[in-house]
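Biologist: Could you take a close look at the salt bridges here, and describe with care which side chains take part and how they sit in the chain?

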Amino acid sequence: MSTVRLTTAQALVRFLAAQYTERDGERHRLIAATWGIFGHGNVAGIGQALVEDRTRMPFHQGRNEQATVHAAVGYARQSNRLSAHAVTTSIGPGATNLVTGAALATIDHLPVLLLPGDTFATRPADPVLQQLQLPYAGDVSVNDCLRPVSVYFDRVGRPEALVPAALEAARVLADPAATGAVTLALPQDVQAEAYDWPEEFFAERTWRVRRPRPDAAELDAAVRAVRAAERPLVVAGGGVRYSGAEDALRALAERAGLPVATTQAGKGVLPYDHPCDVGGVGHTGTETADALARTADLVIGVGTRYTDFTTASGTLFPEGARFLNLNVTGFDAHKQAALPLVADAREALTALTAALDGHRARDPEEWAAAKRDWQRRVDAAYAAPDEDARPTQAQVLGALDTLVDAHDILINAAGSLPGDLHKLWRPRSADQYHVEYGYSCMGYEIPAAIGVLLAAPGRPVWALVGDGTYLMNPTEIVTAVQERLPLRLVVLQNHGYASIGGLSEAVGAERYGTDYRYRDADGGFTGPPLPVDLGANAASLGMRVLRPRTVRDLREALAEARTATLPTCVYVETETPDTVSGPPPAAAWWDVPVAETSTRPSAVKAREEYDRHVTARRRHL
């Protein structure tokens with residue numbers, strides 16, 4: 001057997017550069033690039049290896065470890081999980097900073113390879129800098145906190161152990177039913193240790209991305225359920241997009257006359273003006289979709305996890321409703337005591353359409369009037385009667401709505417924007433709407449936009465953030481500047497946490513600690529907003545900053561940003577919608593427990609409202 005002598009880190013980089021995925025005849029790099037921040041624990045190992053093989057493995061320099069995972073996740077989502085990025089960190093805080101990003105990737109079923117440095121395997125000094133010591137376990141390091149948020153974890157304690165670990169990591173990353181954050185913890189001495197590697201380890205390897213077909217018995221049961229239903233409703237999730245099943249879903253909806261409601265991850269799988277599309281479903285959904293959900297006798301879930309926002313915390317779908325779930329994982333296919341159809345979304349939808357053989361359940365005219373009425377309400381929220389007034393958040397979305405086309409991509413994750421977008425946004429293409437709501441992670445948007453720009457060069461990419469989210473994680477602006485990426489950042493300054501402020505008021509917490517105001521001696525937060533200028537901050541990090549004051553200015557600034565070739569920020573102070581038309585209120589409930597006892601009238605009233613809603617919860621068995 002021919003061998004080549006390399007360090008463990010050099011071998012890992014060379015191995016990763018030779019891994020590919022293939023689906024439907026299209027081939028992709030499994031690991032297209034590596035992100036990293038260097039420190040002791042990876043600079044002499046992975047860092048040196050990346051220099052050694054920089055023509056094989058592109059490298060992106062991050063500024064915050066959590067943000068580098070978000071960038072990798074943004075890339076993987078835009079690539080429909082067929083290509084991913086790796087992230088390398090030092091030991092200690094560099095490694096623990098990965099946890100939030102890893103949880104997001106695993107919750108959202110998006111592939112990312114994490115390569116945190118680890119303490120010495122040989123323990124020449126104990127402890128070393130940044131090492132966690134526990135009196136009851138000598139083999140634990142801080143990297144063990146990545147175990148519960150990883151779909152695969154291994155610590156490579158010897159060079160030769162890399163071979164099975166790397167192969168297993170690649171297998172999991174490429175498996176649509178198992179993918180998420182994969183962690184290979186790399187002791188710093190092992191990274192630098194040389195070994196004679198079999199040359200076959202570095203041969204190009206293609207991982208076939210499966211499209212499992214439905215079981216015949218499960219398909220037969222699904223067909224019977226659809227034929228028997230009088231008021232079926234499809235709930236489409238992110239699995240439709242990752243499977244590339246949009247055309248198959250459209251064919252089923254059109255031929256069988258099925259209304260299609262969408263989760264945050266599924267929004268856009270049908271264009272907003274398709275007759276069968278009824279918009280977002282659940283707590284942040286449209287009244288059209290939620291009304292259909294409340295009367296559905298069969299809910300056909302396609303690639304969805306049924307989070308509490310989708311089900312309105314178990315209060316949306318009626319008692320007696322049955323569920324049919326098409327999902328690539330058996331775990332999700334069986335939720336809601338459903339009839340499972342465990343298969344790739346495209347394969348399952350295609351087989352179901354053929355087996356229904358012309359069956360038509362409903363006519364889109366049933367919901368056409370409700371949909372037109374909803375679009376009028378969207379128009380009202382977007383409208384700006386006074387072009388010289390300061391815009392509301394909804395009017396910012398309306399101004400953007402008039403500007404974009406199917407090539408633009410919108411990215412958001414947390415705050416009040418996800419709710420407004422789910423209700424109001426009109427997606428023109430299957431991948432235009434990019435809202436991360438599985439983990440709803442503040443700070444995701446800016447780095448994720450960079451990942452999307454790397455996956456979709458030439459397309460206008462917009463990161464929409466509130467002031468609270470911006471303050472969480474603006475660091476990757478520097479990366480966008482360094483790589484000359486035309487990031488379009490829209491910062492909405494409303495001087496506080498708008499979403500949580502509203503929730504705080506609703507649950508009797510009186511918006512305490514949610515505004516950016518001075519602290520009083522008695523513990524309150526009053527007075528004028530803090531003199532914080534986030535636009536100046538973005539400019540200090542290298543962005544060009546536009547400062548529209550009015551709706552008229554805003555339209556001009558957004559148009560200018562859309563044509564920009566370098567990172568550009570549109571910084572806009574928004575008006576609260578108290579005196580102007582804002583987004584329609586939530587059409588369904590969301591369970592946030594309220595204090596059962598309180599001396600404050602606001603909390604007492606909120607608890608009464610909570611008790612009224614919670615009685616509507618039901619388990620579908």
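Modeller: The side chains of Arg612 and Glu609 meet in a salt bridge, with 2.6 Å from N to O; the term stands for a side-chain nitrogen of Lys or Arg within 4 Å of a carboxyl oxygen of Asp or Glu. This is a predicted model, in which local features need pLDDT of at least 70 and side-chain atom pairs count only at pLDDT 80 or more, while totals for chains, interfaces and linings use all residues. Residues are numbered from 1 along each chain as its sequence is written, and side-chain values use heavy atoms, with hydrogens and water left out.

Both Arg612 and Glu609 belong to helix 24 (residues 601-614), where three residues, about one turn of the helix, separate them; helices (H or I, at least four residues) and strands (E, at least two) are DSSP runs, numbered from the N terminus. Glu609 has a relative accessible area of 38%, and therefore counts as partly exposed, on a scale where buried means under 20%, exposed means over 50% and partly exposed lies in between (1.4 Å probe, protein chains only). Elsewhere, salt bridges that share partners join Asp24, Arg211, Arg213, Asp344, Arg346 and Glu347 into one network, and a search of the whole structure finds 43 salt bridges.

Asp220 counts as partly exposed because its relative accessibility is 41%.

The salt bridge between Arg426 and Asp379, in which the closest N and O atoms are 2.4 Å apart, links distant parts of the chain, for its two residues are 47 residues apart. Arg426 is found in the loop between helix 17 (417-424) and strand 19 (433-435), whereas Asp379 is in helix 15 (residues 365-382). The burial of the two partners can be set side by side: Arg426 has a relative accessibility of 11% and so counts as buried, while Asp379, with a relative accessible area of 41%, is partly exposed.
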